[in-house]
Amino acid sequence: MAVEIPKALSDLPVSSPRWIGRSVMRVEDPLLLSGRAEFIDNVVLPRMLHCAILRSPYAHARIRGIDLGEAESLQGVVAIVTGEDAQRWTQPGPTLPENWGTLCLATDKVRFVGEPVAAVAATSRYVAEDALEHIQVEYESLPPVADPVKALEPESPLIFEEHGSNVMLQRVFKYGEIDAAFRDADHVYTEKFRWHRVGANPLETFGVISQWDPIEESLTCHGSFQSASHMALGRTLTLGLPSNKVRLISQPHGGSFGGKGGARGTDISALLSRKAGGRPVKWIEDRMEYLMAGGSQAWDRHYEASLALKRDGTAIGLKVKLLDDLGATAEGYGAMSAAKPLASFTGCYAIPAAEYDLTIVATNKLPASPYRGMGPPPHNYVLEHLMDIAARDLGLDPAEIRRRNYIPPDRFPYTIPTGNEYDSGNYEAALNKALEMSEYKELREEQAQARKQGRLLGIGLVSTIEPGVFDWNAYAIVGMPGTGVPEGVRVGIDVLGKITLRVGFALEGQGQYTVGAQLLADYFGVELDDVRVVAQDTQSAPPHFGPGGSRLGVAMSAAVLGAAGRLKDKLVKVAAGLLQSKPEDVELMDGMLRVKGVPGAEMPVAQVAATMLTRSDLLPPDVDPSPEATYVWTAPGRTPADEQGRAKTYLTAANACHVVLLEIDPETGFVKILKYFIADDCGTRLNPSNVEGMIQGGVAQGVGAALLEEYVYDEEAQLLTSTFMDYLLPTINEVPMTEKAALVTPSPFTPLGAKGVGEGAIHTTPAAIMCAINDALAPLGVRATEVPASPNRIWSLLREAKRTP
Amino acid sequence: MKPPPFDYLDPRTVGEAVSLLRQHDGEAKILAGGQSLMPLLNMRMARPGVLIDLAKVAELDYIRETDGGLTIGAMTTKRSIEDSVLVQKRQPLLHAATLLIAHPQIRNRGTLGGSMAHADPAAEYPAVAIALDAEFRVVGPDGERSIGAADFFVTYLTTALEPTEVLTEVRFPALADRRGWSFMELTRRHGDFALAGVAVTMDLEGPGQCSGARIVLFGVGPTAFRVHGAEQILIGDRPGQAVFEQVAKKASEEIDEPLSDLHASAEYRRHLARVLTQRALLQATARAQV
Amino acid sequence: MTTARQVRLTVNGVAYEAQVEPRTTLVDFLRGDLGLTGTHVGCEHGVCGACTILVNGRSVRSCLMLAVQADGDSLTTVEGLGDGKLHPIQEAFREEHGLQCGFCTPGFLMATYELLQLNRSPSDEEIKDALGGQICRCTGYQAILSSVRLAAAKLRE
């Protein structure tokens, strides 16, 4: 049965929406504010045990032997597992690229500091950690590979001997007439950039309780899973279980940002549960474990990039060479971040040709994981900085060079050379708005005055695309198969007229339950409180993925509207009978099923639903007695990528223009952000305060990435940033309060015209800050190309400037 | 990250605490505010067999005026020091330093004595103690003794306290008239440990000549320390831009081997010490002239 | 093994008595022994602030205290805010969208509670100084700042 999903707010069966499009207070908040949300560590099951994991202190070593010593006989210890158990009971999990993975516990060798080697289940975490201290592992250390450039050399030690090299992927992708573009260009600017490892660090680390059923040979896990269905599928593969005997229950969780991880922890706790005769085993990752060995790290990058332009500042080609240090295995799916840049490779600009020279290499560092933004944050910084370098040389203001290169508003949908299609946009409007908000002219004047006083004031102005609603085909070049990312929901009305929305994902922070409730409350003309949103586990939920890739707002709202539409069709049929009319003459509007053009011939939705459940005699033969409907949505028009990775991948293209004013202390190199303006166009905003929250959250992570956050490894591939004393997350004092303006260029492809915005400003803020820093340093003739731009690094540049006359 | 097993004792007097320390002979550690010790315990980097909590020892939490100066009990929290009007009036340097320590939650539990005894190279209080010529009252099995600030801080995380001794109070002598002061540090985030810091006191006499000065650097070496050579340049001279530049340069040169870590290289720390010294001298002068 | 100690304390006005191992941290005691799971664990080394509660009215890191140290103390956790309904501070956070995933929120609420007890009209600088030790990874702090401003206004009424 075909269902039409409303394309605009005006298509909803409500004359004046009360909920959708407004900043309504979130329905999930009372639970969270009162501390009653059931985060995984709150869950206690009968006879539950606690897991602690013994981890390798070496980055690269062979395991010669494991002696459990007194660990097993310690009071409170119930089970211990090692690589032997993993070998007996598990397979390597899927990796991306394929075949660069291991088992959940090391067997013959360890490849990164923190790799799990053994695990204990005991009556408390305290006792389990005591037990770890009794386990002796004999290591034979191997030379560690800490430098991705050295890892490429033929004499380099190998992370996986069987591969014969440390190169996971090496390809050059060419799009359009790239060689001609560079040959014929009037100007070519080339620069190298270094982006250091950063990562998600949600406030809640990963946690899981695994329960093995020894009779049924099935597995049930509660956990802080970002995508429970995805994690469940992985477990069927690693643990060799039938797919309908793995049940994952996702708890509300404390953020994820792509980097929750948890595959190994789930497998390890499952093995312990198996060994402990089926007792549930809880593993809560502690923060040091997370930083060192969790889903915590991403984007360890060496870039060399070039921009080719015509005399008038029109860019005609972009080449990006990327050496991506993925770490010891490809288990973390961090390679997705190397592929996603293709989705917005040339940014907001009508650059017709491009080249992506990509090498993904293995070293003895932590396997990289996804992190919000999934790769474009560093890529956008590279592109935007090149635009500024060009602008400076050509004597153009950064606003002007961008203006000359924007894809014009009448050219959408627009296909970029790397194959993705941008749905809609008006980049110049966003630029103008940002210039107006920031009083840009006055900022430049302020800067000119400041420069006379020897102050280093910098203005960053950047425009980026923030792609939304991902598809698997976006990661085809690193080996991801398939197309279509389903999101399914079930909407039901009960006999008393209350509505329940059943979804496949748990609370993560984006406010999606509220959006779902807003949609249904307006659709069926009820109060927001009349709608309850309930998460279902992987065994009960329709096909789904959950949050990720800025998809859920669009995907869930599409599924909700689809289900609502199917339900409406049933209600219409039933109401037609009850109102002695025909279905084509009955419509839903403002909570009433009514005969068109016949005032008074109407019934409330609740009454029709109740009739379906209590008066089977009054139902038409082709309607089941169930005021419920399911709908599974996936983005239309997705096809497999071609050999070059070209495809329509991300469905929507939100756009942001950021203007930032900052000052560098010329004596110390410290950066102080003074003003920050954002003009953001993400189409229709289903809940504006949710959207602003996503944007501002992205700003904070962007500030962290640009100025503070960095995982540091030494030459032995030992992690030096092992606590929050050294990995610096921004606090309320480091994040600027930003002034935001909304522009709305609706998407022609999505329900109600909304675009994905969940990843938000992290796509843009690092570029904005780095460009502002470089704007401040420009008169000194030095460039900041290493991220984060720590005070020490900036000071070194200032010193370099003083030496060069 | 759970602590290893240990026994816990909570003596009621200093004498009891001392005798417990002796009894457990190297296996025992004093627990004061816990803000430095607890992370180490949680990480299992400290493994004492016994923790001796001073929280219930009577009379270690006080701020008293003594001969125009202040005497503060070792278990006085940083928050009490922050909130004390007496401290604000009599020892503004100590007060200003307190405001820069970490965050309210840490200051609510962290103690003066704990901070001094822990002697973190980037901690604020040791620098204040040295700048103000504080006296440390210490009690051990052989009785009481007094240690001057100059002798109290030995090296990285090490003080002159014997394993069986307890620090009971710190006395900050009265400030001279026309004493200018400044306390500055540079941190990557608000409340972080200092990459470099300086405490300055300056006495001006008559027509504005500097008659005394103390310049104490912290965060750049194994302990906070005075840069005597730099002070000497200042004494006898009139404060001014050129002198301050000279003094600051000398101060930075007096750091033997600046600490180097992933947040700041040795060179950078040396440079920051110079910049901060100069800025602090300017501020101290302005205060002295008021 | 080490000798268990008796601990007597009050949490949210309710008296508790328990035997604890000395090494049990206060946050683990609250969550595990007392079942008060509103206080969260984020780092166990005193930096993130997720575990912030009030001890005798003062905000502290409960991951940096031992349960035995709280003997005789009066504690307040997020469960003690509001009396079966949301406290004005919680309402303010809701109205201003001052939370997303909610994991850091109890810590922010308790730190805010202390701030507003001591200072009825804090400036933005004072708010930032009081909350500088609480980390949020979701909101970017802007909505938290406006939540605290609103909370102060509500409490002044």
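Chain B is split by its domain assignment into domain 1 (7-52), domain 2 (63-172) and domain 3 (179-288). Keep in mind as you explore that this is a predicted model. Chain A also has a domain assignment, with domain 1 (9-35 + 485-633), domain 2 (40-142 + 205-253 + 261-293) and domain 3 (375-474 + 648-791). Chain C comes into the story through its contacts with chain A and with chain B.

**Inside chain B**

- Let's begin with the distance between two of the domains: the C-alpha centres of domain 1 of chain B and domain 3 of chain B are 35 Å apart.
- Next, find strand 4 (residues 63-66) of chain B and strand 5 (residues 69-73) of chain B, which run antiparallel and are joined by four bridges.
- Within this pairing, B:E65 sits opposite B:L70 of strand 5.
- Strand 4 and strand 5 of chain B make a hairpin, and two residues lie between the strands.
- Look for B:D67 in the turn of that hairpin, where its phi is positive, at about 50°.

**Inside chain A**

- Each of the three domains of chain A is written as more than one stretch of residues; domain 2, for example, is listed as 40-142 + 205-253 + 261-293.
- Taken over C-alpha atoms, the centres of domain 1 of chain A and domain 2 of chain A are separated by 41 Å.
- These two domains do touch: 14 residues of domain 1 of chain A are in contact with 13 residues of domain 2 of chain A.
- Sorted by class, the domain 1 side of this contact has six nonpolar, six polar and two charged residues.

**Where chain A meets chain C**

- Here, 41 residues of chain A are in contact with 41 residues of chain C.
- On the chain A side, helix 1 (29-33) and helix 17 (688-708) each provide at least two residues.
- Helix 17 of chain A gives the largest share of that side, six residues.
- The side of chain A that touches chain C is made up of 17 nonpolar, 17 polar and seven charged residues.

**Where chain C meets chain B**

- In this pairing, 23 residues of chain C are in contact with 25 residues of chain B.
- Strand 4 (residues 58-61) of chain C supplies the largest share of the chain C side, with four residues.
- By class, the side of chain C that touches chain B holds eight nonpolar, ten polar and five charged residues.

Methods:
Residues numbered from 1 in each chain as written. Chains lettered and ligands numbered in written order. Predicted model: local features only at pLDDT ≥ 70, side-chain atom pairs only at ≥ 80, totals over all residues. Contact = placed C-beta atoms within 7 Å. Nonpolar A, V, L, I, M, F, W, Y, C, P; charged D, E, K, R; others polar. Domains from an automatic or database assignment. Pairing = 2+ DSSP bridges.
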